[in-house]
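The points are grouped by topic.

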Amino acid sequence: MTIFTNTNTISPSLVEIKNRLLQGFNSVKQLKHVHALLLRLGLEQDNYLLNFVLRSSFNLGDTNYTSLIFTQTREPNMFLWNTMIRGFVSNDCFQRAVDFYHFMRADGFLPNNFTFPFVLKACARQLDFQLGVRLHTIIVKAGFDSDVFVKTSLLCLYAKCGFLEDAVKVFDDIPEKNVVSWTAIITGYISEGRFREAIDTFRRLLEMGVRPDSFSLVRVLSACTQLGDLSSGEWINGYVREAGLERNVFIATALVDLYAKCGNMERARCLFDGMPEKDIVTWGTMIHAYASYGLPKEALDLFFRMQRENVEPDCYSMVGVLSACANLGALELGVWASNLMDRNKFLSNPVMGTALIDMYAKCGSMARAWEVFREMKNRDVVVWNAIISGLAMNGHVKTAFGIFGQVEKCGIQPNENTFVGLLCGCTHAGLVDEGRRFFNFMSRSFSLTPRIEHYGCMVDLLSRSGLLDEAHQLIESMPMEPNGIVWGALLGGCRLHKNTDLAEHVLKQLIVLEPWNSGNYVLLSNIYSASRKWDDAAKIRSIMIDRGIKKLRGCSWIEINGVVHEFLVGDKTHPQSEKIYAKLNELSTKLKAAGFVPTTDYVLFDIEEEEKEQFLGCHSEKLALSFGLINTDPNDVIRIAKNLRLCGDCHEAIKLISSIAVSIISTAGNGAWALGSPLAYLTTGLKSEHNKESKKMESSCSEIHINSNSSSNENPRVPLSEVVADCVKRWFKDTLKEAKSGDVNMQVLVGQMYYSGYGIARDTQKGRLWMTRAARTRSSVWKVSDKHPGYNASDSDSDELKVEA
């Protein structure tokens, strides 16, 4: 390079300059040295040499320096104009490419077959359909309508701008279609959601003898994935093997994604393990597939393997890991994983930030979730939805309503998922009237059409509250066909309220929709068992056996020191099984001494009561709890996650265990509660008595603070009567605080408590005053019913969850 910078040496020849330009440059500084040499030699107006300089500058990404060189050119030719337009498009400067096209036309130059593809690409990226149409007319007049590259760019423009039918006409007019043309039209079909046409077009491509490239194969595999068409995917996989393309990392990753999203995880893992080369996208695809398919432990195992192979996680793989930690309730593991990446990435990336908020919320650490939300640099509607759902599932329903009131104030339009979170919060808290208001506000105030998810939430809310007839009527009036989730919500309500007749009707619908789903049969069998209709329950079990349907086994996970342990019902495979069952027997003895009676209605089989109690005693969540008590210090947090809903008997048992252990119990995560004392369960039930039973069945992730040394003589058990009395007093105090803040329901409840003398000395006069105050408050509340719900609801008592103004 010194030959161009040392002025004392002999000037290089023109051939040497050309060779240097052809070799390219590693930096703009080197390019400027050569440009300076051209200026010194008087060659700065040589269009041939300048073309090399312009291309090199674009390759280095310096568009401003390139523009400066071009403006100093006195007589640029067509080659230089094309180089400039192409360079801007290659550097994603699409508007500048369009501007240079107009400058070229104003300078009297006509575009040629090298100009049109890049200008059309710029129009497509800018969605400048009008200019694209004008270019189309020029193409026809100039006689380039038979050029395959120009026509391919045209069909890309029409497809990108949403004019797929016009794109198809352009495609049909191409006399000799190449693989790029075929891929362009396939991509157009996929962009419009017409996946079947995309697959059929790919079949035509093969019939025409065109060999697809990796990009076209990836695109058509994505169409199969979106359509859930596993048979077509298998056929394309066969073609890939015949063509010898199975070693292509992009195609293999697309196949892994196809099998995973179609539910064939074994085939997906087989392909993954057989790949000789894997990039981070491949790892992320498999990890995310495991997490999405309800196999969080496998997702984390694969992530640890990725770590051993020194593969740095990216956004997609990290989202999968955090999702797996959320499903397992593995807070410590989730924190460790998130620390592998810069925190600023989470705060600046809405997708990653949402995953972190969701993980904290589902693990019951709502304060941390709130902290992440407050620090987020870009809060789009997905981030707001995540915090609303997190608050709702952790029992901060009023705060969730308050957050909703802030969404529009921040200039963000709520979407359908926003209302899913709000309706779920109403379901958790048993707020039927509020749920109806939000459901109606969707279409009336926000012009959002309720989707099947919203109908499912409403059916769930009404069913849990005992309004089974109303829930059934809502299903019958739905504008779309109800799916298994909607009917399942009604079936769950039938189970809670023991409505066998309606449950049988619902199950008939579910069997038609989901004949393979064991949960439907098990739930109806439980209903029969609870009603002591043992013959009917046995008949359901026989149907399951005849059809080869197996019940999904209950599984619970617990994280101790960053390690996740898995337990099944009656599990004795754990190395500490002997200690676990000893601890379980100890707890059982203490529960009986405290007056606990197992709820044997939850046992499916017609067996003796003593056998039922023994069966209930070894549920997976109880085994996980015993293991946690053995392996934790006093006041440590124990989180238990379960793949199924927590059974009512386990709920009652764990509630009483917290009292026996003289500590704090709260539940969070996928459940409805976020409570702070042994009384919290009583508080929840009394605030919404009609929804008490539904809350028992709701949680699948428990956060438990328990004194693990409760058996020690130094910490004697407090009599249950004293615990309850203290709890009732504190509950009245909390209720009074909420009533004073303006909560109408709590004002009514305080009045009733004064009337009955529950939790406070009986005082009918104060009871009458509170009831009168509630009546006045209620009338004033309904006067603002024209406002959006949640505007006056940000009245949380939690200091760490105050809504930002």
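Over residues 380-414 of this predicted model, the chain is 74% helix and 0% strand.

**Annotated repeats**
- An unreviewed UniProt entry carries the annotation "repeat: PPR" for residues 77-111, 178-212, 279-313, 349-379 and 380-414.
- Residues 77-111 are 74% helix and 0% strand, with end C-alpha atoms 12 Å apart.

**Helix H18**
- Helix H18 spans residues 296-308 and has 13 residues.
- From its first C-alpha to its last, H18 reaches 19 Å, close to the 18 Å expected at 1.5 Å a residue.
- Pro-296, Ala-299, Leu-300, Leu-302, Phe-303 and Met-306 are the buried residues of H18.
- Viewed down the helix axis, the buried residues of H18 fall within an arc of 160 degrees, so they line one face of the helix.
- These buried residues pack against helices H16 (265-274), H17 (280-292), H19 (315-328) and H20 (331-338), and also against strand S1 (555-560).
- Asn-310, which follows H18, has a positive phi, near 60 degrees.

**The S1–S2 hairpin**
- Strand S1, one of the elements against which the buried residues of H18 pack, runs antiparallel to strand S2 (residues 563-568) and is joined to S2 by 6 bridges.
- The two strands form a hairpin with 2 residues between them.
- In the turn, Asn-561 has a positive phi of about 55 degrees.
- Trp-557 stands opposite Glu-566 in S2.

Note on methods
Residues are numbered from 1 along each chain as its sequence is written. This is a predicted model: local features need pLDDT of at least 70, side-chain atom pairs count only at pLDDT 80 or more; totals for chains, interfaces and linings use all residues. Side-chain values use heavy atoms; hydrogens and water are left out. Helices (H or I, at least four residues) and strands (E, at least two) are DSSP runs, numbered from the N terminus. The expected span of a helix is 1.5 Å times one less than its number of residues. Buried means under 20% relative accessible area, exposed over 50%, partly exposed in between (1.4 Å probe, protein chains only). The arc is that of the directions from the helix axis to the C-beta atoms. Contact means heavy atoms within 4.5 Å. Two strands pair if DSSP finds at least two bridges between them. UniProt positions are given in the numbering used here, feature names are shortened, and annotations may be inferred rather than shown by experiment.
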